[in-house]
Structure formats: structure tokens, C-alpha cells
Amino acid sequence: MNCRQVRQSWMDAAPPVAAVRHLESCARCRAAWEQHTHMQSALDAWQPETRLPPDLTLRLRRQLALEAKPRRSVGSRIRGWFESWDGVPHPGRLRLAAASGTLLAAICLGILAWPHTAAVAPAPAPARGVVRDLQALNHDRGMLTNFPLLSTSAGNTAGAASSTTYAN
Amino acid sequence: MIEDQLTDGLAGASADVDAGAALMLRFQQGEEACFDALVLRYQRPLTGYMLRLVRHPGVSEELVQDVFLRVYRSRERYRPQARFTTWLYRIATHLALNYLRDHRAEAHQASLDEPETEGGHPPDAADGRPGIETRLMRREWRRRVQQAIASLPERQRAAVILHKYQEMEYREIAQALQLSVSATKSLLFRAYEVLRGQLEQLEAMPG
Ligand SMILES: [Zn+2]
């Protein structure tokens with residue numbers, strides 16, 4: 001056994017006889033063995049205090065119960081709605097027909113009651129409105145140049161004047 | 001999912017059914033109480049492992065809770081292809097190493113020592129407890145051991161703790177760390193060499 005193999009064997013619970021014999025003839029490994037036993041006793045003495053939470057099982061159960069709460073999909077909601085018709089005293093397929101009929105009636109009512117005004121009167125195109133606003137702004141600027149008192153203080157005043165115009 | 005990899009990865013290992021595996025199988029069959037029994041049985045060793053590895057009581061508590069949640073969630077997929085603890089520590093090591101990787105920047109300064117009571121005990125107190133000076137020296141001594149272990153790279157640290165404190169065999173440590181047995185032996189050897197050097201100057205524990 002070479003020195004590395006000998007030192008590696010110290011990690012085992014029971015090092016082989018050859019490793020023990022090696023120590024008799026190798027001063028470096030003897031010194032390393034001293035350090036090894038010293039290290040082992042130091043590690044043995046390191047016992048951090050473990051404080052166990054008394055309610056771990058309870059906390060786990062609570063967490064698992066939260067996870068178990070079903071997140072209902074649209075499909076399962078519709079299925080659930082159909083299943084709620086189970087209480088109705090209709091035999092077999094009649095129950096399904098009654099549920100489907102009610103659903104269909106609700107949809108038809110919804111369509112009839114839908115407000116039609118929005119479709120009849122289309123909103124003005126926003127782009128056109130913006131163009132009109134810009135044209136009005138230009139027109140106001142042009143008007144301001146006809147008033148010497150206002151036009152002396154350049155753009156700022158013009159901006160303020162136009163903004164006042166638009167606030168009204 | 002890691003649990004899938006775990007159950008698959010352990011194929012070929014010894015199929016001896018130990019106490020943990022027996023409980024897990026009964027839990028799998030629907031005996032919910034067996035899950036609580038598993039928690040009670042492995043909570044302490046698992047907390048000790050996490051505490052040594054992450055060195056923060058609050059974090060180790062959360063990680064232990066996470067390990068058991070994963071055990072619960074993967075009950076359907078569990079196959080007793082190795083010792084139950086091998087499977088358990090593989091989940092634990094995976095979670096702990098992930099945590100350490102994600103929080104490398106925040107070096108925990110938390111001490112794992114027991115809190116000192118105010119005033120302490122006078123030297124040679126009549127109740128036989130060590131005096132304050134001895135206790136302070138012990139605390140410093142423990143801090144140095146702790147620091148030596150903390151200085152190891154994360155995988156080496158996990159390997160040493162599994163080998164030294166959880167008393168696991170090379171094969172089990174290899175499975176927990178997802179390494180070959182020879183790679184695990186080399187990893188452990190390097191770790192012990194570093195520790196040997198670091199703890200060389202440390203005198204025997206005071207008192
Ligand atoms: Zn030698």
C-alpha cells in the first residue's frame with residue numbers, strides 16, 4: 001500500500017492490517033495519523049443542538065391540506081353544474097335534456113338582451129379626431145401672431161394660451 | 001422532477017426493506033398515520049444533517065419541512081430499491097445544495113451554539129457545571145470546528161456530514177450526491193485532508 005491508499009483507508013470503519021503495518025515504517029503517515037485522530041475527535045465533539053419544532057406533523061398536514069384544495073377548471077365547473085341537476089327527479093337522459101335546455105334558454109335570453117346601440121353608432125375614428133385637434137392648435141398659433149403683446153414672449157406663452165383654449 | 005430521478009436512479013441498489021421503507025410502503029397503501037410515523041422517526045437526524053450543512057436553524061427547519069412534503073407528494077412513485085434513508089437524504093441533499101447555491105452570497109453568520117444564559121455560572125460552581133471561562137473556550141473551540149467544516153466546498157461538506165455524522169456508506173453517499181463510488185471516495189479524501197490541516201492547530205476540547 002502506498003501513502004495515499006493508507007490514508008484513504010482511514011476513512012473506513014476498519015482499516016486493513018497492511019495500513020497499520022505501513023505506519024511502523026513511514027514517519028510521515030504516522031504524523032498524519034496523529035492529525036487524523038485529532039481531527040476525528042474534534043469532529044466527534046461538534047454536536048450542534050437540534051431544536052425540533054413540536055408541531056411539524058401538524059404544519060405539514062396544514063400545508064398538504066392547502067395544496068389538496070382543488071383548483072376548479074372551466075370544464076369541471078360546467079360538469080359540476082350538470083351534476084347539480086342530479087337532485088331533479090327526472091329519469092336518465094331527461095335530466096341531461098333539462099339541464100341543456102335551461103343552459104340554451106339562458107344563452108338565448110342573453111343574446112336577446114344584448115345592447116345593440118354600440119353596433120349601430122360607430123365611434124369616430126380616433127385618428128381623425130387627433131388630426132382635427134392639431135389643425136385647431138395650428139389655427140390658434142396663427143391667431144396669436146396677430147396679437148403683438150402675446151407673441152413677444154415666444155413659444156411658452158403660445159403653449160400656455162393654447163392649453164387654456166383647450167381646457168375650455 | 002427530482003423525486004422521479006431519485007426513484008429511477010436508485011434502481012439496482014440493494015432491495016432490503018428497512019423500517020423506513022416498510023413505513024413508506026404502508027403509507028403508499030393508504031395508511032396516512034405511517035407518514036406521521038416517518039416524520040417522527042427521521043425528523044431529528046434530518047434536522048441535524050440540515051443544521052450542519054446550512055448552519056442556520058430557521059433555514060434547516062424549513063428545508064426539513066420541504067423534504068417531508070416531497071416525500072408525501074412522491075408517495076405514488078416510491079419504489080423500495082434502496083434503503084429508505086438513502087432516498088430521504090438524496091432529496092435532502094438536493095434541496096440543501098440548491099439552497100446553498102442560491103444563497104452563496106449571504107454567508108450565514110448564525111452560530112449553532114446554545115445561547116448563553118445571562119450571568120452564567122461562577123467557576124467551579126457547586127452544581128458541577130463548567131464555569132463561564134470554560135464555556136467560552138468551548139464555544140470558541142466549537143466555532144473553529146464549525147468554521148473548518150464550513151470552509152469546505154458544498155459537496156465536500158455534504159459528503160463529510162453524511163459520512164461522519166449520518167454514518168452512511170460510500171455507496172449511499174454516492175447516491176445522495178449523484179456521484180460514482182470512486183468519485184465519492186476521492187471527494188471525501190480531499191475533504192478530510194483539508195480538515196486535517198485546518199484542525200491541526202486546534203487543541204483538545206477545553207474542560
Ligand atoms: Zn506513508
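This is a predicted model: local features need pLDDT of at least 70, side-chain atom pairs count only at pLDDT 80 or more; totals for chains, interfaces and linings use all residues.
**Chain B and its helix α8**

Of the 207 residues in chain B, 49% are buried. If you look at contacts in chain B between residues at least 6 apart in sequence, 73% of them join residues at least 24 apart.

The buried residues are B:Tyr170, B:Glu172, B:Ile173, B:Ala174, B:Gln175, B:Ala176 and B:Leu177. They pack against three helices of chain B, namely α5 (84–102), α7 (154–164) and α9 (181–198).

B:Thr85 gives a residue-level view of this region. B:Thr85 sits in helix α5 of chain B and is in contact with B:Glu172, as well as with B:Asp18 and B:Tyr42, once neighbours within four places in sequence are left aside. B:Glu172 is itself one of the buried residues of α8(B). With a relative accessibility of 12%, B:Thr85 counts as buried because the cut-off is under 20%.

Directly after α8(B) comes B:Gln178, with a positive phi. This residue belongs to the loop between α8 and α9 of chain B. B:Arg55 also has a positive phi although it is not a glycine, and its place is in the loop between α3 (33–54) and α4 (57–73) of chain B. The table sets out the values for both.

| Residue | Phi | Relative accessibility | Class |
|---|---|---|---|
| B:Arg55 | about 60 degrees | 17% | buried |
| B:Gln178 | near 55 degrees | 44% | partly exposed |

**Where chain A meets chain B**

How many residues of each chain are in contact across the interface? Chain A brings 32 residues, and they are in contact with 43 residues of chain B. The area buried between the two chains is about 3800 Å², and carbon and sulfur atoms give 63% of it. A:Met11, A:Trp46 and A:Arg61 stand out here: they supply 21% of the area that chain A buries against chain B, more than any other three residues.

Polar and charged groups take part as well. Between chain A and chain B there are 17 residue pairs in polar contact, both residues being at pLDDT 80 or more. The count of salt bridges between these chains is five. A:Glu67 and B:Arg73 meet through their side chains in a salt bridge, with an N to O distance of 2.7 Å.

Which helices of chain A each supply at least two residues of the side that touches chain B? They are α1 (3–9), α3 (27–45) and α4 (56–68). The largest share comes from α3(A), with 11 residues. By type, the residues on this side of chain A divide into 13 nonpolar, 10 polar and nine charged.

**Cysteines**

A search of the whole structure finds zero disulfides over all chains. A:Cys29 is buried, with a relative accessible area of 0%. B:Cys34 is buried too, with a relative accessible area of 4%.

Terms used
Residues are numbered from 1 along each chain as its sequence is written. Chains are lettered from A and ligands numbered from 1 in the order in which they are written. Side-chain values use heavy atoms; hydrogens and water are left out. Contact means heavy atoms within 4.5 Å. Buried area is the accessible area (1.4 Å probe) that two parts lose on being put together, summed over both. A salt bridge is a side-chain nitrogen of Lys or Arg within 4 Å of a carboxyl oxygen of Asp or Glu. A polar contact is a pair of N or O atoms within 3.5 Å; within protein, one must be able to donate a hydrogen and the other to accept it, and residues adjacent in sequence count only if both atoms are side-chain atoms. Helices (H or I, at least four residues) and strands (E, at least two) are DSSP runs, numbered from the N terminus. Ala, Val, Leu, Ile, Met, Phe, Trp, Tyr, Cys and Pro count as nonpolar, Asp, Glu, Lys and Arg as charged, and the others, Gly among them, as polar. A disulfide is a pair of cysteine sulfur atoms within 2.5 Å. Buried means under 20% relative accessible area, exposed over 50%, partly exposed in between (1.4 Å probe, protein chains only).
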